[in-house]
Amino acid sequence: VAIIINFADQIKNIAVNQCVHNSTANYIEIDCLTVLFLEAALFFLGFFTVWYELSVTLIRFTEVDGIFDDVLKFFYLAGIVTMTLQMEKTTFLSDHLSGFIMGIIICLLCITLLHIVYYFYVENCQLYARKRIMLYCVSILVLLLVSVVDDKFVSFLAITVVSVVILWISSNSFRVVLTPNEEMLELPEDVFEKIVERWGIFVMIATGESILALIATTNKLVQTSDGDDASNAKEENIEFQHYVAILCAFGITYLVSHYYLESSKVNNMHFHALMHSGSPGSVMWTLLHGLLGFFLMMVGAGWKLVLLSLSLEICWLEAEDYYEFETYEGNKAASYAKYKCCDTYHLLGECQEYDGDGWMEFSVMLGCGLMASLITMYLLRTAHPKFIFSWKSVLCRIPIILMIPVGAYWTSSFETQSFYYSIWCMILMTIGY
């Protein structure tokens, strides 16, 4: 839970503090967001790999006598904490690569020792444990060499290669094998239930990040005159917009959770992807959860940024209320109020260059995250053996899904673009459901 929360907060803070540029006009540096997205994908791959390995190990092996395995699990979690501590609010993720790699090494070292314990104390696991020990030792050696070289590109490449290789080998352990007698070597029922439960909890935690984004509230920096009816009406209208946007965010999160539950619902465990020997099947099902978790985390970060943009838009409109007086004092108060808006919501450079339109790029980020999440959940359904492909379903769903990020451009002409885009997303998600 802490990893997902910190990850989304990290993306939100870097996007605001590093990618919002103001020299001649306020805009988002697309190159900065692209780098941020790629770094987030790489770091999430590392986190998902260590989570995947720990989950697989806990599912496949039982407790052994003594406390040695419990101590190793504790230090494994300490390695994850070390990885998490490398994320700061004001710097890019790549600025602390050495500490992140050291956290991965701690995790791999602990799980190597854990498999050595299982090799000697658990029956019928020697072949499985031996392969894992060799894999982890090679991975540790590669990461140690990279940490000595201390080159950013080489570090990125090493983390990617090590994570992909580990995930590929571990995920293939879920592959359903057909014997020469056409009999399937299936998972035991208790193991099947643990896998479905853990992977489902992982997705629900990632989905819950959007709920945490709803704690964002509008800070009213300008107090309007009590006797001015028009000003008070304007303030009530702005509050209404903000509350509706939050309700839309909650409704969309609720629908996303139902999308996932519907994509994973089967009547019998033998009809589940984990029991399917074909392709896509069990391997694709487990790996798609990692991809889905990343996109859902981006949705959570997107909601944080969209609500921040909406707060800025609302703050700006409240400041413009002073212009209704058409006096020097009113204009001066409005300028000061706008400066406070810029200062509070991290606009860089000269505040007077900002026009109060918010940041449409954050809406695009949210829309792309929602679109990718829905497509991934649709692919999860195809992994089940009883899935029936239908062109009618594709023709009905895909256009609706693709229209989600497009709405950011259609709503860009409105004063409170973030508010109208939230409603746009809610309408399309409801239609698609």
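**Before starting**

This is a predicted model, in which local features need pLDDT of at least 70 and side-chain atom pairs count only at pLDDT 80 or more, while totals for chains, interfaces and linings use all residues. Residues are numbered from 1 along each chain as its sequence is written, and side-chain values use heavy atoms, with hydrogens and water left out.

Show the whole protein as a cartoon. There are 13 helices and four strands; helices (H or I, at least four residues) and strands (E, at least two) are DSSP runs numbered from the N terminus. Of the 433 residues, 51% are buried, where buried means under 20% relative accessible area, exposed over 50% and partly exposed in between (1.4 Å probe, protein chains only). Among contacts (heavy atoms within 4.5 Å) with a separation of 6 or more, 80% are between residues 24 or more positions apart.

**Stop 1: α4 and α5**

Select residues 97-121 for helix α4 and 126-149 for helix α5. Their axes come within 9 Å and cross at roughly 155°. Axes are lines fitted to C-alpha atoms, for helices over the stretch in contact, and angles run from 0 to 180 degrees between N-to-C directions. The two helices are therefore roughly antiparallel; angles under 35 degrees count as roughly parallel, over 145 as roughly antiparallel, 65 to 115 as roughly perpendicular and the rest as oblique. The contact of α4 with α5 has 17 nonpolar, four polar and two charged residues. Here Ala, Val, Leu, Ile, Met, Phe, Trp, Tyr, Cys and Pro count as nonpolar, Asp, Glu, Lys and Arg as charged, and the others, Gly among them, as polar.

**Stop 2: α5 and α6**

On α5, show R132, L135, S139, V142, L143 and V146. Their counterparts on α6 are V154, S155, A158, V162, V165, I166, I169 and S170. By class, this contact has 10 nonpolar, three polar and one charged residues.

**Stop 3: aromatic rings**

The structure holds 20 aromatic pairs. Rings of Phe, Tyr and Trp (its six-membered ring) pair if their centres lie within 6.5 Å; planes under 30 degrees apart count as stacked, over 60 as edge-to-face and the rest as tilted.

Select Y52 and W199, an edge-to-face pair at 5.5 Å centre to centre with 85° between the planes. Y52 is in helix α2 (residues 30-60) and W199 in helix α7 (residues 189-212), 147 residues apart. Y52 is buried at 0% relative accessibility, and W199 is buried at 0% as well.

Next, select W410 and W424, a tilted pair at 5.2 Å with 40° between the planes. W410 lies in helix α12 (residues 391-410) and W424 in helix α13 (residues 417-432). W410 is exposed at 52%, whereas W424 counts as buried at 18%.

Then extend the selection around Y52 and W199: F37, F44, F48, W51, F202, F294 and F295 belong with them to one aromatic cluster.

**Stop 4: M377**

Finish in helix α11 (residues 360-382), at M377. M377 is buried, with a relative accessible area of 3%. Not counting residues up to four places away in sequence, M377 touches V256, Y259, Y260, S263 and L292. For V256, the C-alpha to C-alpha distance to M377 is 9.4 Å, across 121 residues of sequence.
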